Amino acid sequence: MPPVPAFLYGTAWKEDSTAALTELALRAGFRGIDTANQRRHYFEAGVGQALAAAYRAGVVTRADLFLQTKFTYQRGQDHRLPYDPAATLAVQVAQSLASSLEHLGTDYVDSFVLHGPSSGYDWTEADVEVWEAMRKERDGGRTRLLGVSNVQLEHLEQLAATGTELPVFVQNRCFARLGWDREIRKFCGERKIAYQGFSLLTANPEVLQHPPLINLAASLNASPAQVVFSFARAVGMVPLTGTSSAEHMKQDLASLELKLPAELVQVIEGMAG
Ligand SMILES: NC(=O)c1ccc[n+]([C@@H]2O[C@H](COP(=O)([O-])OP(=O)(O)OC[C@H]3O[C@@H](n4cnc5c(N)ncnc54)[C@H](OP(=O)(O)O)[C@@H]3O)[C@@H](O)[C@H]2O)c1
């Protein structure tokens with residue numbers, strides 16, 4: 001079983017370029033791919049086309065990869081649903097994952113994530129049903145691991161209070177002004193849940209334009225974006241990037257080699273929150 005890669009390539013919003021960009025990312029060295037069975041924002045079948053092309057060309061094998069997809073409630077979807085909306089939520093979960101496996105040309109994913117809870121504040125009965133259905137998929141071998149996304153601390157606390165098993169991953173938008181999601185990262189850190197951070201660049205333009213960070217990056221011969229990704233790794237996150245640029249793919253992966261002095265990690269952590 002491959003470990004979780006240090007960086008995930010995100011496939012949202014790429015439409016007809018999904019296959020070409022995902023293949024480019026695999027060729028650039030990404031081994032973790034994040035997608036979702038939510039046609040509104042992701043073209044999962046395009047990810048599958050990229051995988052097939054990369055296997056054919058001998059770039060990677062299935063066993064080299066960490067593939068992550070998501071179950072999305074109907075309210076997060078458009079009309080292109082990957083399940084029968086009249087079916088129970090448990091059946092929708094099973095249908096969604098079966099469709100993902102078909103899109104991705106595999107009989108298991110490495111991680112299956114609840115795209116977002118059904119309510120903005122509470123872990124509801126619907127979430128309980130979905131989580132149990134996701135656990136069944138895991139027990140059936142169709143995913144190795146489970147995660148949740150777009151969660152508040154309350155969701156995680158209420159999920160934990162049901163006494164069920166905790167997710168292996170939390171995937172959240174990471175705002176520097178919220179201490180880089182400090183509370184959630186603390187909850188995760190105390191429970192050995194891996195935190196995946198997205199929108200590290202797009203949610204934090206003020207950080208990327210902060211003169212001290214720009215100077216620090218220049219002194220390290222790196223870009224501000226690389227410093228942010230390197231910081232994310234240093235505080236234990238698994239960052240995501242969805243870059244469409246071959247150059248940025250290389251730079252994003254190279255940021256893993258960048259070593260930030262501990263005192264600078266602290267400065268960045270306290271920068272905006
Ligand atoms: N769970 C969820 O609800 C959820 C929500 C949103 C996203 N995601 C996941 O996270 C992935 C990433 O999404 P994101 O929101 O972080 O945004 P993104 O799509 O990765 O956008 C990142 C932006 O940063 C730029 N960029 C990347 N590397 C750069 C570099 N080295 N230097 C300068 N600019 C750079 C990109 O521009 P270039 O293209 O020009 O490089 C792009 O404009 C998505 O594809 C998806 O898989 C999940």
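I began with strand S1 (residues 8-10), which runs parallel to S8 and is joined to it by two bridges. I take helices (H or I, at least four residues) and strands (E, at least two) as DSSP runs, numbered from the N terminus, and I call two strands paired if DSSP finds at least two bridges between them. Tyr-9 stands opposite Thr-241 in S8. Stepping back, I followed eight strands that close into a barrel, in the order S1-S2-S3-S4-S5-S6-S7-S8, with parallel pairing. From one strand to the next, the twist averages 30 degrees.

**Ground rules.** I noted that this is a predicted model, where local features need pLDDT of at least 70 and side-chain atom pairs count only at pLDDT 80 or more, while totals for chains, interfaces and linings use all residues. Residues are numbered from 1 along each chain as its sequence is written, and side-chain values use heavy atoms, with hydrogens and water left out.

**Ligand.** Which residues come nearest to the ligand? Of the 26 around it, I found Asp-34, Ser-199, Gly-242, Thr-243 and His-248; a residue counts as near if one of its heavy atoms lies within 4 Å. I sorted this shell into seven nonpolar, 15 polar and four charged residues, with Ala, Val, Leu, Ile, Met, Phe, Trp, Tyr, Cys and Pro as nonpolar, Asp, Glu, Lys and Arg as charged, and the others, Gly among them, as polar. H10 gives the largest share of the shell, three residues.

Next I checked oxygen atoms of the ligand. One is 2.6 Å from an N or O atom in the side chain of Ser-199. A polar side-chain atom of Asn-150 lies 2.8 Å from a ligand oxygen, and for a backbone N or O atom of Gly-10 the distance to a ligand oxygen is 3.3 Å.

**Arg-39.** I found Arg-39 in the loop between strand S2 (32-34) and helix H2 (44-56). What does Arg-39 touch, not counting residues up to four places away in sequence? I listed Glu-15, Gln-77 and Arg-80, with contact meaning heavy atoms within 4.5 Å. Gln-77 is 38 residues from Arg-39 in sequence, yet 7.2 Å away in space, C-alpha to C-alpha. The side chains of Arg-39 and Glu-15 make a polar contact (3.0 Å), that is, a pair of N or O atoms within 3.5 Å; within protein, one must be able to donate a hydrogen and the other to accept it, and residues adjacent in sequence count only if both atoms are side-chain atoms.

Terms used:
Axes are lines fitted to C-alpha atoms, for helices over the stretch in contact, and angles run from 0 to 180 degrees between N-to-C directions.
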